Amino acid sequence: MKLKATESTAVQLFASYRRKGMAADKAMAIVGASLQITPQDLAELLSKLDLLDTAPNAIAATATDMAEVDIAEG
């Protein structure tokens with residue numbers, strides 16, 4: 001699978017946050033917000049690469065968390 005530059009950056013950032021111990025949903029929210037990728041697109045990409053469990057709760061929670069991260073991170 002050949003990734004676009006934004007997708008590659010998203011994967012690298014997500015993996016970096018996860019290595020640091022951040023929860024997957026929070027990492028997805030931060031990556032999605034900073035790269036302007038929808039939570040659904042990011043979840044789909046990460047699932048295809050086996051970096052994310054495809055549980056529907058994680059995908060649904062990301063939309064809520066993104067707003068919280070935007071406020072918290074400024």
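This is a predicted model: local features need pLDDT of at least 70, side-chain atom pairs count only at pLDDT 80 or more; totals for chains, interfaces and linings use all residues.
The largest nonpolar core comprises 14 residues, and Ala10, Phe14, Met28, Val31, Leu42, Leu46 and Leu52 have the most contacts inside it. Helix 1 (5-19), helix 2 (24-35) and helix 3 (39-48) are the elements that each give two or more residues to this core. In soluble globular proteins, nonpolar side chains tend to be buried together. Alanine 10 touches Val31, Leu35, Ile37 and Leu42, when residues up to four places away in sequence are left out of the count. In helix 3, the buried residues are Pro39, Leu42, Ala43, Leu45, Leu46 and Ser47.

Helix 1 and helix 2 pack against each other at an angle of about 145°, and their axes are 9 Å apart. The crossing of helix 1 past helix 2 is right-handed. On the side of helix 1, the contact involves Thr6, Thr9, Ala10, Leu13, Phe14, Tyr17 and Arg18, while helix 2 contributes Ala24, Ala27, Met28, Ile30, Val31 and Leu35. Sorted by class, the residues of this contact are ten nonpolar, two polar and one charged. Ala10, Phe14, Met28 and Val31, which take part in this contact, are also among the residues with the most contacts inside the core.

One salt bridge is present in the structure. It joins the side chains of lysine 48 and glutamate 44, with an N to O distance of 3.4 Å. Side chains of opposite charge can pair when their charged atoms come close. Both residues belong to helix 3, where lysine 48 and glutamate 44 are four residues apart, about one turn of the helix. An α-helix has 3.6 residues a turn, so residues three or four places apart point the same way. Lysine 48 has a relative accessible area of 52% and is therefore classed as exposed, since the class begins over 50%. Glutamate 44, at 44% relative accessibility, is partly exposed.

Most residues other than glycine have a negative phi. Glutamine 36, which is not a glycine, has a positive phi near 55°. Glutamine 36 is placed in the loop between helix 2 and helix 3, and its relative accessibility of 74% makes it exposed. Aspartate 50, likewise not a glycine, has a positive phi of about 60°. With a relative accessibility of 70%, aspartate 50 is exposed.

Note on methods: Residues are numbered from 1 along each chain as its sequence is written. Side-chain values use heavy atoms; hydrogens and water are left out. A nonpolar core is a set of buried Ala, Val, Leu, Ile, Met, Phe, Trp, Tyr and Cys residues joined through side-chain atoms within 4.5 Å. Buried means under 20% relative accessible area, exposed over 50%, partly exposed in between (1.4 Å probe, protein chains only). Contact means heavy atoms within 4.5 Å. Axes are lines fitted to C-alpha atoms, for helices over the stretch in contact, and angles run from 0 to 180 degrees between N-to-C directions. A crossing is left-handed if the near helix is turned anticlockwise from the far one by less than a right angle, and right-handed if clockwise. Ala, Val, Leu, Ile, Met, Phe, Trp, Tyr, Cys and Pro count as nonpolar, Asp, Glu, Lys and Arg as charged, and the others, Gly among them, as polar. A salt bridge is a side-chain nitrogen of Lys or Arg within 4 Å of a carboxyl oxygen of Asp or Glu.
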